[in-house]
Amino acid sequence: MNHESSQSTDQPSKQAITPSLNQPDTRTDRSFDAIADHFKKKVYGGLKGDIRLAVLRRDIVAYCTQMSQTLGRPLRILDVGAGLAQIAIELATQGHTLVINDISANMLQKAQANAEIVKKDLDIRWYVCPYQELEEKLAAENNGKFDLIMCHALLEWLAEPAAVMDFFDKHLTENGALSLCFYNPASFDYRNLIMGNFNLLDNTEYKADNKKSLTPNHPVAKEEVESWLEAHHYHTILASGLRVFHDYSPLKRGGHNDPEAVIRMELRYSQLEPYKWLGRYLHILATRHA
């Protein structure tokens, strides 16, 4: 990447975003650069996105508030593969220092536009590059380590998802927290069972058309993520499901006709056994042992 794109400015939230001119071949790591508008509409254009943000906001903001009070200062937070970065921007409005990264310049331009809507100065630095290039850029600007690293809906789009754990280890403080949100492959099977798509489930060669589809072909199971966390000495303090029933309801009747009621019930059941493990996405918040 051209290092000029990661230079600091007096107003970090208005820093220009320039895509890398010499970034390495990342064909096997998915970028949504070409379908950024489709991504925004499909993921966040309706109730599905509202549920997703409500659960993540509940989990992360409460933890950050407690952690900031314990440390007696604002947090230093890194959002890797941030996409539209809604939660990261909210945390910046609360006074925390943010570093926001994505492989897609188009996605981060949309995120930056969201940040500029906020009528206050935000302490945000933006980096357009694969996460594999981010370490060098952080070191060049002496960014130091982070109290919280967020990595949401990225694992399922990486060619080597387990490798990102080494990156987290290097950039978290000793008692830092890791927020991992990832697609739940069990939800794919369950939804297609409900819909009666047995032929699809019997087809071991099935692949979604990832030119536009946002269904990952290589999701990572909860058990595998948990094994990575254990191997890297993380302790899970919270686990939630995102959309534990909404996507499985073919008939919109009763409370399903009330979006606020749906979100209220999603929040209620998102942390309850066994419902949370049916979520289309799972969110795990874990701390590393000092």
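Which residues of helix 7 are buried? The close-ups below, taken from a predicted model, start with that question.

**View 1. The buried side of helix 7.** P185, S187 and N192 are the buried residues of this helix. Around the helix axis they cover an arc of only 150°, so they sit on the same side of helix 7. Look next at what covers these buried residues: the cover includes strand 5 (172–183) and helix 8 (198–202).

**View 2. A nonpolar patch on the surface.** Here Y190, L193, I194, M195, F198 and L278 form a nonpolar patch, and together they have about 540 Å² of accessible area. Helix 7 (residues 185–195) provides the largest share of the patch, with four residues.

**View 3. The end of helix 7.** M195 belongs to helix 7. Is M195 buried or partly exposed? M195 has a relative accessible area of 43%, so it counts as partly exposed. Just after the helix comes G196, which takes a positive phi of about 80°.

**View 4. The largest nonpolar core.** In soluble globular proteins, nonpolar side chains tend to be buried together. The largest nonpolar core in this model has 41 residues, and L91 and I100 touch the most other members. Helix 2 (residues 47–71) gives the most to this core, with ten residues. Apart from this core lies another one, of 31 residues, including V99, C151, A239 and I284.

**View 5. The surroundings of L91.** Leaving out residues up to four places away in sequence, L91 touches I60, V61, C64, I77, H96, L98 and M150.

How values were computed. Residues numbered from 1 in each chain as written. Predicted model: local features only at pLDDT ≥ 70, side-chain atom pairs only at ≥ 80, totals over all residues. Heavy atoms only, no water. Patch = residues over 30% accessible without salt bridge, like charges linked within 9 Å, V, L, I, M, F, W, Y side chains within 5 Å. Areas by Shrake-Rupley, 256 points an atom, 1.4 Å probe, with all protein chains shown as cover. Salt bridge = Lys/Arg side-chain N within 4 Å of Asp/Glu carboxyl O. Helix = DSSP H or I, 4+ residues; strand = E, 2+ residues; numbered from the N terminus. Buried < 20%, exposed > 50% of the residue type's maximum accessible area, 1.4 Å probe, protein only. Core = buried A, V, L, I, M, F, W, Y, C linked by side-chain atoms within 4.5 Å. Contact = heavy atoms within 4.5 Å. Arc of directions from axis to C-beta.
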